[in-house]
Amino acid sequence: MAYVAPIHQPTSVRHALRAHIFSAEEESLVLSKANRLEIWRFAEGFLSLVYSKPVNGTIAILQKLQPIHTQTDILFVGTERFEYFTLIWNQETAQLEMVEAFRDPGERHMRESHSQDKALVDPSGKHLVLHLWAGVINVMRLGVRKDVALKLVDNDQVRLSELFIKASTLLYTETGHPKIAFLYQNTPDSTDSKLATYRVTSDDRDRITAEFKADRERDIDCDISDPRASLLIPVRKVEEEIKRHNVRNVESARAHIGGLIVVGETRLMYIDEVTKTTVESALKKPNIFVAWAEYDATHYFLADDYGGLHLLSILTEGVVVQGMSVDRIGNIPRANELVYFDSGMLFVASHYGDSQLLKIDLTNEESDQLVQPIQTLANLGPITDFAVMDMGNRGDENQMGNEYSSGQARIVAGCGVYRDGSLRSVRSGVGLQDVGILADLQHTRALFPLKSYNSEKTDTLAVSFLTESRVFRFDAQGDVEEVESFCGMTLDCQTLLAVNLPNGHLLQVTTTGAALLDLESGVGIASWAPEGERTIINASANENWLLLSVEGTSLVTLSLTNQLMAIAQKEINPDDQVACVHVAPGMPNIGVVGFWTSGTVSILSLDTLELIRGASLRQSDDDASIPRDLALVQILPASTSGPTLFIAMEDGNVVTFEISPDMEFLKRKRVVLGTRQAKLHLLPQENGVFNIFATTEHPSLIYGEQGRIIYSAVTANEATCICPFDTEAFPDCIIVATDSSLRISQIDRMRRTHLQSLPIGEMIRRISYSPKEKVFGMGCIKREISDGKEVIQSFFRLVDEIMFRPVGKPIRFETLGYTEIVESVVRAEMRDSYGNLVERFILGTSYTPDPEYAAHVDHTGRILVVGIDENRDPYIILSHPTRSQCRCLGILGRNKIVAGLSKTLVVAEYEETSTTTAKLTLLASHKPATHPVALEVKDNTIGLVDLMKSMTLVEFVSGDEKENRKPQLVERARHFESVTSTALCHVDGDEWLQSDDQGNLLMLQRNLDAVTAYEQKSMRVTAAFNLGEIVNRIRPIRVETSPGAMIVPRAFLGTVEGGIYMFGTIAPQSQDLLLRFQEKLAEILPAFGGVEFTRYRAFRNSEREGDGPVRFLDGEMLERFLDVDEATQKEICEGLGPSVEMMRDMVEELRRMH
């Protein structure tokens, strides 16, 4: 049974449009990323995300409609499974709400359309045309009456004679009746292009759909001179000074503004919609255009397939079209969509690289200033390959990560396609960046930021040690000096608390007493000491009160506004002791105390020390956990939640309660932060909200986001204590103490994805990491235009892991007559000619014959072994030609190379004969069903996935010279289904994980316990799930888990859409509960867009479709439990067994893993 959850959400933008979502005056940007809708708005010239919502389906269509009786637009969304719904923004709930939902019932009986325009909306925003199936369109319109103005009325489904449509668009018309244009070809393999236009409706009220008869209803029917034309641009009309009249002699008519542009690779054609007059212009250079956006009626932006941005200009005399020109104005990522805003901003939505917001200034005389990047939305997609560097730790190659480190794992991925290709180091978490090292100090116990007399900002740091305290002063330039005295503070003992008070005094609490000091003179104002030379153990204060624990057996409250007068004192039961105390900031009279023996926590009134409320933290008789630190703060805004009590337990757990106005303990949760107690450090934020930095072996930042409390890993594993430090020279910083030093650092306020990018300008086809050489070996493919021709070249490059920059001279694959493409790169330790283990990269390539040379080669691929010399230059040791393409590689033992060739799997023995020469000896071969796509080697077993016939398990059996037995590959098991595979990974034991080109995940297992031999050779499906994204690579991980862990992380998945997912297996004792829990969630929680969860996550390919996920858990679905109110949580938990509190703790624990 399996579990999958996102570490990094998909970032590839497939669809983008501008729409009036919030009001008629404000235009917003709407994006679709895999299964997520996002709404962005402009703020101070930049885009900011204001709304994000997941959809039960991969979004394939995104359009907007303009109802008659509303001032805002509605969104039309369609998924890859042909389910559609409309959405409108609700101002009261600040949410997108569904208007209606429907699905296309004819999908199984029709051939899918290959047109790039599958949903068209006319300029009025009232008519919608869906072109989903070849030769068929669906015509729909919005209702006219006010009660149905938001509803779509299905006019009709019409058959077309144009079967192979490349592009289509709805035109601007003088009459207002919708008219559609089709750019099509006669057959799928023909290279011709034709244009046809039709009126969509046949009546004056636009309610009856036309029949689209080619012989009677075609308005324009013409051939396009450029057979590779692929874009249609509708041109709106402009006001004419002199009204034109119908011309009897059409041949003498001139083309006016208002018609259609056909964009080809070599030519442009303009067609007047009224007179059918055409104007053609040749392009200066051939190009492939992929997206467009309107600048004004005579200028249009064009994006090409190679990352160029162009301006198409219609050359006119008045309103008469004379010609067209295209000029390159800048470089952009390869665009999927262009969206232009009237403010001069152009948004480039890209699936192949980063999306960008550009500032357009076409009046600038400087050609390099026409287009200026303003903002970049990072995109990891497509992830072609990746390497897992560490699991939140940095140790040797075999060091295992901990079960809560998956979310902070560092992954280095090859991202982007061709010109947008880059190498990216990705880590998710709260970033901590060192600004400077203050001092090399060991065994720091506490840190206290202070202000000197008349200072508006912090300028002093008090550092407490076991037997002394030290003080450091900072000036406005950041210079620091240690001082021997500060405002009369006692420095020859440990300081438990030091804080500035609002009245200008300084409070210091040591183990022997408390003192109020005057900041200006350093004179002591008041002091207090416990009787009988007893020791103060804990201290906490707010503006009015100081709460002390003396010897752990006595509680004392002192008034800070009345000269440290003892207001209340309470002796503790001799059978119990005080473990920790806390005075709540922002709650004037509230204190919290944790007790050692009883394992309880109490909320007290500080003026009397009387109990207000109490709660036991132990859930069973043998539970001996002890509260060690407390924090009662406003972690979420007061408008959404009350204060939250955090209790750090001795065993590494953090227990939380929401505290009601009458101090009741509500909504208990438990989160595991580590194996030892955490220290809670408060970081004040705006509006009375706090973040909490929890220091343990795996530090975390606790903060509120979107109504939820988030626990996010921090990149500071050695931190022992911290404090806020907002100075003139170091604004918004913190001080971090480790076992050996003090550091000044900047910290993120919340979790984010930390990217380090190295632009390569080439597609990184494959990547492998060498831990001994500390370099990445990359097989790269470069595509460019040279002299009007497309040129493709391959390289092998090295990148230094530490400096994150290229090293050495790349190896270039270039041979006259064919193009060599890098298909696979793996790293291995092989024995050199002296018998020593050395690092080697093994490459597999394929040849593509150059049609210009019509080269014939006996070999269509190579296996290369590459070494690295002392200058860190790669050099070829072995170049072994193969008779077929080498698609994938693996390593068997220390000296055997496993190669997946086209139609053949081979095992060859590698032997180095000198420092620059080696040989390969074929040992065994096996014939797979078709073409191997990926392979994985586990001991002597080779898992192989096929292009069409799923997975095969093959065992390498060594030969025996004495028995004259040759080595051989023996097929042990096979999955007898047709699956177009994309990636493979060994999970555990006899279990394997496979992905396919429909976004499905399959968990397969050998059926060794079967009765018949045939059944034993059949691999059975133990879990099936539709991820909704194509997985390009699966990498196994090794994680050490606790004995009672519910989930064991097994692998990371990198997808085409830029998503990175954690895959894990579920412990047997948790399987039944979690499955029933997911079923209850799917049953009770509303499905956004009306798409059922089970249908969305069900396995589906061309041969079969499941009823729902099979023994697979969706981590995102489980986490939705935390977003609903307690009444809904109780309804979900009814009949499950565990309480609501236990289920909340369980989901929090699952979320912490990623």
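**View 1. Arg41 lies over the face of Phe22, 4.4 Å from the ring centre.** A charge counts as over a ring if NZ of Lys or CZ of Arg is within 6 Å of the ring centre and within 35 degrees of the ring normal. Phe22 also belongs to a cluster with Tyr51 and Trp89, linked by ring pairs. The model is predicted: local features need pLDDT of at least 70 and side-chain atom pairs pLDDT 80 or more, while totals for chains, interfaces and linings use all residues. Residues are numbered from 1 along each chain as its sequence is written, and side-chain values use heavy atoms, without hydrogens and water.

**View 2. Arg797 lies over the face of Phe795.** The distance from the ring centre is 4.7 Å.

**View 3. Phe474 and Phe730 form an edge-to-face pair.** The whole structure holds 24 aromatic pairs; rings of Phe, Tyr and Trp (its six-membered ring) pair if their centres lie within 6.5 Å, with planes under 30 degrees apart counted as stacked, over 60 as edge-to-face and the rest as tilted. Here the centres are 6.4 Å apart and the planes stand at 90°. Phe474 lies in strand 37 and Phe730 in the loop between strand 59 and strand 60, so the pair ties together parts 256 residues apart in sequence; strands are DSSP runs (E, at least two residues), numbered from the N terminus. Phe474 is buried at 9% relative accessible area, and Phe730 is buried at 15% (buried means under 20%, with a 1.4 Å probe and protein chains only; exposed means over 50%, partly exposed in between).

**View 4. Phe1063 and Phe1112 form a tilted pair.** Their centres are 6.1 Å apart, with 55° between the planes. Phe1063 is buried at 0%, and Phe1112 at 1%.

Note on methods
Helix = DSSP H or I, 4+ residues; strand = E, 2+ residues; numbered from the N terminus.
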